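Look at the sequence and the model below before reading on. The report after them goes from the whole chain down to single residues.

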Amino acid sequence: MAAPGAGDPVHAKSGKAPVAQRIDPTREKLTPEQLQFMRQVQLAQWQKSLPQRRTRNIVTGLGIGALVLAIYGYTFYSVSQERFLDELEDEAKAARARALERASGP
């Protein structure tokens with residue numbers, strides 16, 4: 001048997017179309033035809049939303065990739081700007097030169 005109001009395109013009292021009801025196939029006894037129809041509808045909905053979802057995924061992937069490349073590039077840039085190790089090496093060379101002068105001086 002069909003659900004009440006399933007054959008009526010419009011409710012007699014309100015004049016509104018019936019609203020789709022959410023069905024839990026594990027709780028309710030459904031015929032194989034009803035289950036097949038549900039699968040077809042779900043597949044159609046999935047295929048309808050697939051291009052939009054694919055576009056969003058591509059945009060998100062490109063955004064994340066751009067962020068990663070920006071961080072990577074900034075890291076290389078900031079490391080190349082650091083000169084404190086060069087200063088430490090200059091101080092170490094000067095200290096070695098003073099030590100050699102003291103050792104060879106008197």
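## The chain as a whole

This is a predicted model. The secondary structure of the chain consists of 2 helices and 0 strands.

The chain has 106 residues, and buried residues make up 0% of them. Its accessible surface is about 10300 Å², and carbon and sulfur atoms account for 61% of that area.

## Helix α1

Helix α1 covers residues 32-81. At 1.5 Å a residue, its 50 residues should span 74 Å, and the end C-alpha atoms are 70 Å apart, which agrees.

The helix also has a bend. At L50, α1 bends by about 40°. A proline, P51, follows within four residues.

## The annotated span

UniProt, in an unreviewed entry, places the feature "transmembrane region" at residues 58-77. In the model this span is 100% helix and 0% strand. The C-alpha atoms at its ends lie 28 Å apart.

## An aromatic pair

How many aromatic pairs does a search of the whole structure find? The search finds 1. The pair is Y72 and F76, whose ring centres are 4.9 Å apart. The planes of the two rings are at 70°, so the pair is edge-to-face; the cut-off for that label is over 60 degrees.

Y72 and F76 both belong to helix α1. They are 4 residues apart, which is about one turn of the helix. Both residues are exposed.

## Threonine 75

T75 is found in helix α1 as well. Is T75 buried, exposed or partly exposed? Its relative accessible area is 39%, so T75 is partly exposed; that class lies between the limits of 20% and 50%.

The side chain of T75 has a polar atom 2.7 Å from the backbone oxygen of I71. This distance is within the 3.5 Å limit used for a polar contact.

Note on methods
Residues numbered from 1 in each chain as written. Predicted model: local features only at pLDDT ≥ 70, side-chain atom pairs only at ≥ 80, totals over all residues. Heavy atoms only, no water. UniProt positions renumbered as here; feature names shortened; annotations may be inferred. Buried < 20%, exposed > 50% of the residue type's maximum accessible area, 1.4 Å probe, protein only. Polar contact = N/O pair within 3.5 Å; in protein donor to acceptor, adjacent residues only side chain to side chain. Areas by Shrake-Rupley, 256 points an atom, 1.4 Å probe, with all protein chains shown as cover. Phe/Tyr/Trp six-rings, centres within 6.5 Å; stacked < 30°, edge-to-face > 60°. Expected span 1.5 Å × (residues − 1). Bend = angle between axes of the 7 residues up to and from the residue.
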